[in-house]
Amino acid sequence: MKVTVVGAGAVGATCANNIARKELCDELVLIDIKEGIAEGKAQDILQSAALLGFDTRITGCSRDYAHTAGSDVVVITSGLPRKPGMTREELIGANAGIVKEVTQQILRYSPDAILIIISNPMDTMTYLAWQSSGLPKQRVIGMGGVLDSARFKYQLSKQLGASAADLNAVVIGGHGDTTMLPLIRYANWNSVPVTALLTPEQQQQIVNATMVGGATLTKLLGTSAWYAPGAAAAAVVEAIVRDEKKLMPCSVLLEGEYGLNDICLGVPVTIGRNGWENIITYQLNETEQAMLHQSADAVRSMNDVLKNI
Ligand SMILES: NC(=O)c1ccc[n+]([C@@H]2O[C@H](COP(=O)([O-])OP(=O)(O)OC[C@H]3O[C@@H](n4cnc5c(N)ncnc54)[C@H](O)[C@@H]3O)[C@@H](O)[C@H]2O)c1
Ligand SMILES: O=C(O)C[C@H](O)C(=O)O
């Protein structure tokens, strides 16, 4: 099994580190446009192998996509991160060209790869990668909801004094400060609904904090986050290479599901060796359904911007 991570910056390198430590593939390639950075990060990760005990072969390269040939899974993290005060959507002008070009280069050498899109604005970049590549929809997966759901569990675990591992909580919709939809009504602590344990005010505070999770970290760090994003991206890689059939909220092309068409948006999907396999339909109430459609409208208007780039 061969995995490539495009972009050896903060998220790409963290994702690669997780993939290596978990030995998710025999061969891992890091590639970046900047001379030296992918080679350097690959060597740095490899120098921890003796300490941490893993055998994944990692190589780094700049620009030459021939090194990525025959990849089964490719994670695309290349692009600009936002700065404090920016929205993810403001990155579209800088990142659309990068994602389109990288997708073409990758598919030239790895026509059978499954793509995992990380670059922001992620739902629109996923749509762009799918549309510009002509790939079957199951092979293009946007990662955002896995991260947002982990942040939702973090907020719940703090409030409840619970282990995050005991919590089930899912965020669907767009991966944007105002477009994501943390489904508090479905969240539970080992089957106990959290709505039975928290006041409406506490629930609202948790939902709000989850939605601005990325912006909060960007303000603290001066750039966007990478530890949880890198771990979340690696979790999707793991679900594919181990054919786990794990249920994960990912941005995928919708064709009628949830009443939506021709858009990539976060919904629960099973992930396995062929990419995303099935979309699971939650029974949303009227309010949730309306919020999901509002989210779709916002993502759609970003997709429309692509026509002018
Ligand atoms: N979807 C998510 O959940 C999520 C989470 C975190 C970050 N992100 C996004 O991921 C992207 C990367 O974030 P980061 O913090 O790693 O940024 P970063 O600046 O640390 O790394 C980005 C890397 O991409 C490289 N790059 C730029 N153009 C390239 C090209 N054409 N080919 C190859 N490499 C190229 C840069 O040289 C850089 O090393 C951003 O767009 C960010 O908003 C998304
Ligand atoms: O917040 C960002 O801009 C990066 C990423 O989308 C995140 O949620 O961490």
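## Ground rules

Residues are numbered from 1 along each chain as its sequence is written, and chains are lettered from A and ligands numbered from 1 in the order in which they are written. Because the model is predicted, local features need pLDDT of at least 70 and side-chain atom pairs count only at pLDDT 80 or more, while totals for chains, interfaces and linings use all residues.

## Overall fold

Let us start with the whole chain. The protein chain holds 10 helices and 14 strands, where helices (H or I, at least four residues) and strands (E, at least two) are DSSP runs numbered from the N terminus. Its radius of gyration is 19 Å, close to the 19 Å that the globule rule gives for 309 residues, so the chain is as compact as a globular protein of that length. That radius is taken over C-alpha atoms, and the rule is 2.2 Å times the number of residues to the power 0.38. The C-alpha trace spans about 55 × 45 × 35 Å along its principal axes.

Of the 309 residues, 48% count as buried; a residue is buried if 20 or more other C-beta atoms lie within 10 Å of its own, exposed if 12 or fewer, and partly exposed in between, with C-beta atoms placed from the backbone. Among contacts with a separation of 6 or more, 70% join residues 24 or more positions apart. Two residues are in contact if their C-beta atoms, placed from the backbone, lie within 7 Å.

## Two domains

The domain assignment gives domain 1 (2–144) and domain 2 (145–306), with bounds from an automatic or database assignment. Their centres, taken over C-alpha atoms, are 21 Å apart. Across the boundary, 40 residues of domain 1 are in contact with 43 residues of domain 2.

On the side of domain 1 that touches domain 2, the elements giving two or more residues include helix 1, helix 4 and helix 5 (122–133). By class, that side has 23 nonpolar, nine polar and eight charged residues. Here Ala, Val, Leu, Ile, Met, Phe, Trp, Tyr, Cys and Pro count as nonpolar, Asp, Glu, Lys and Arg as charged, and the others, Gly among them, as polar.

## The ligand sites

Ligand 1 has 36 residues around it, of which Gly7, Gly9, Val11, Ser78 and Pro229 come nearest. A residue belongs here if its C-beta atom, placed from the backbone, lies within 6 Å of the molecule. Both domains supply at least three residues each. Helix 1 (10–21) and helix 4 (92–109) each give at least two, and helix 4 makes the largest share, with four. The shell comprises 18 nonpolar, 13 polar and five charged residues.

The shell around ligand 2 includes Arg82, Arg88, Asn120, His175 and Pro229. It divides into three nonpolar, five polar and two charged residues. Ligand 2 lies between domain 1 and domain 2, because both give residues to its shell.

## Helix 6

Helix 6 (residues 145–160) has 16 residues and reaches 22 Å from its first C-alpha to its last, close to the 22 Å expected at 1.5 Å a residue; the expected span is 1.5 Å times one less than its number of residues. Its buried residues include Val146, Leu147, Phe152 and Leu156. Gly161 follows the helix, with a positive phi near 65°.

Tyr154 also lies in helix 6. This residue is partly exposed, with 18 other C-beta atoms within 10 Å. The C-alpha atoms of Tyr154 and Gly134 are separated by 37 Å, although the two are 20 residues apart along the chain.
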